[in-house]
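Hi everyone, thanks for making time.

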Amino acid sequence: MERDQVVIVGGGLLGCAVALEIARRGCPVVVLERAIVGAEASSAAAGILAPRLEAHGREPLRSLGVESLAMYPEWVASLGADVGLLRTGLLRVVRAGDPVDAPDVEARWLDADAAREVEPGLAPDLLGAWSLPDESTLDPRRLVPAVHAAANAAGALFRVGEEVATVDASGVTLVSGERVDGRVIVCAGAWTSKVPGLGPLPVRPVRGQLVALSGEPIRHVIFGAGGYLVPRADGRVIAGATVEEVGFARGVTAGGVRAVLGSAVAMVPDLAFAAFEGAWSGFRPGTPDDLPVVGEVGGVWVASGHYRNGILLAPITAKWMAGAVIDGLRLPPVFAPGRFT
Ligand SMILES: Cc1cc2nc3c(=O)[nH]c(=O)nc-3n(C[C@H](O)[C@H](O)[C@H](O)COP(=O)(O)OP(=O)(O)OC[C@H]3O[C@@H](n4cnc5c(N)ncnc54)[C@H](O)[C@@H]3O)c2cc1C
């Protein structure tokens, strides 16, 4: 048995990021991906990095996200690739009938005129907007290949087309019957609860549908009561997202696209004239308390359940997992897999 090897189950952004960190620490690491690296939730994501908005004042999610966002510029620079990272700031628009409470202690209120001055396309029926200037965005479809390439360059071995059939404290067994020994980290996203040997973990798929538009650029990440808009560095706008409990039913639906576009055009009416570039869906790995699962259970490590914030939380998760597996760093029990039992 290769005692020092780390075996990662799943090659999404979390698997790639953890592999990168471990490889950079000089430890042998192999990533087992059953299909295509990064092709699931990590490529479907909108790419919003908004810990203050997403947490709505709840700890420990807010502090975790703020710390991870602060790591982003240096982490991205270390990849040596342009991933479209933009510090656009975020506007939480308020229209008649919407909740008016501040999303975060750092949010600053802009009246309608002030909000339209910084984001001219906002709807005329706007009452105002909460501004969060540090919230950011990037393009996950550029980030995932960049992290994958960096992990490869650092020495991580990626084996694609390898489905893990079962895991235990000393390694994994592939569907082919092959045994791969080492310390195991499960990064299987929405499929985590389906990995045999891990024990019951309540990670479930939560489908989200997104639409890409072009021709009517915006300046900020914009959140409304019914959805959000995300500017891309290339001028496109990503509109999202549905939140659907439909199990692993793949696909885009007429009702989902209608809901996303309805919310988009209500926030920025000129998006009605934008070109429709496409729509897609993915499965967020959800948990009962909306917090990630980062820790150890029965000798197997888990980094999963990042729900709506897996892109945001990738740098800090990778740092924590490498610290725990290599140095014995104690991780906060609030994220431990055992909290559900
Ligand atoms: C529509 C949508 C919008 C989102 N927007 C944002 C956002 O704006 N900001 C943000 O921070 N987050 C966002 N997220 C959440 C984010 O995408 C996820 O939290 C994150 O990508 C999860 O990454 P992952 O690596 O855990 O999972 P995935 O990317 O799903 O990767 C899991 C991998 O494990 C593999 N796998 C599973 N089982 C096995 C097995 N038995 N053997 C081998 N391989 C296996 C799968 O094939 C897959 O490649 C969004 C998600 C969706 C769906």
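Okay, let's start at the ligand. One of its oxygen atoms sits 3.3 Å from a polar backbone atom of Leu13. How much of the ligand does the protein cover? On its own the ligand has 1000 Å² of accessible area, and the protein covers 98% of that. Before I go on, please keep in mind that this is a predicted model.

So who is sitting around the ligand? There are 37 residues surrounding it, and the closest are Glu33, Ser42, Ile48, Arg308 and Leu312. If you sort that shell by class, you get 19 nonpolar, 11 polar and 7 charged residues.

Where do they come from? Several elements each supply at least two residues of the shell: helix 1 (13-24), strand 2 (29-33), helix 2 (41-44), strand 13 (204-214) and strand 17 (275-286). The largest share comes from strand 17, with 4 residues.

Now zoom out to the domains. Where does the ligand lie relative to domain 1 and domain 2? Domain 1 is made of 6-75, 140-203 and 288-340, and domain 2 of 90-133 and 204-286. Both of them give residues to the shell, so the ligand lies between them.

Next stop, the core. Just as background, in soluble globular proteins, nonpolar side chains tend to be buried together. Here, the largest nonpolar core has 54 residues. The ones with the most contacts inside that core are Ile8, Tyr72, Trp75, Leu143, Val147, Ile185 and Met321. A whole set of elements each put at least two residues into this core: strand 1 (6-9), helix 1, strand 2, helix 4 (61-79), helix 6 (140-153), strand 19 (300-304) and helix 8 (314-327). Which one gives the most? That's helix 1, with 9 residues.

His56 isn't a glycine, yet its phi is positive, at about 50°. Is His56 buried or partly exposed? Its relative accessible area is 45%, so it counts as partly exposed.

There's another cis peptide bond to look at, from Gly240 to Ala241, with omega near -20°. You'll find Ala241 in the loop between strand 16 (237-240) and helix 7 (254-267).

And Asp290 has a positive phi as well, near 60°, again in a residue other than glycine. Asp290 lies in the loop between strand 17 and strand 18 (293-297). With a relative accessible area of 29%, Asp290 is partly exposed.

Take Leu53, which lies in helix 3. Leu53 is buried, because its relative accessible area is 5%, under the 20% limit. Leu53 and Trp130 are 77 residues apart in sequence, and from C-alpha to C-alpha they're 9.9 Å apart in space.

The other pair involves His220, in the loop between strand 13 and strand 14 (221-223). His220 has a relative accessible area of 12%, so this one is buried. His220 and Arg92 are 128 residues apart in sequence, with 9.9 Å between their C-alpha atoms.

Terms used:
Residues numbered from 1 in each chain as written. Predicted model: local features only at pLDDT ≥ 70, side-chain atom pairs only at ≥ 80, totals over all residues. Heavy atoms only, no water. Near = heavy atom within 4 Å. Polar contact = N/O pair within 3.5 Å; in protein donor to acceptor, adjacent residues only side chain to side chain. Areas by Shrake-Rupley, 256 points an atom, 1.4 Å probe, with all protein chains shown as cover. Nonpolar A, V, L, I, M, F, W, Y, C, P; charged D, E, K, R; others polar. Domains from an automatic or database assignment. Core = buried A, V, L, I, M, F, W, Y, C linked by side-chain atoms within 4.5 Å. Buried < 20%, exposed > 50% of the residue type's maximum accessible area, 1.4 Å probe, protein only.
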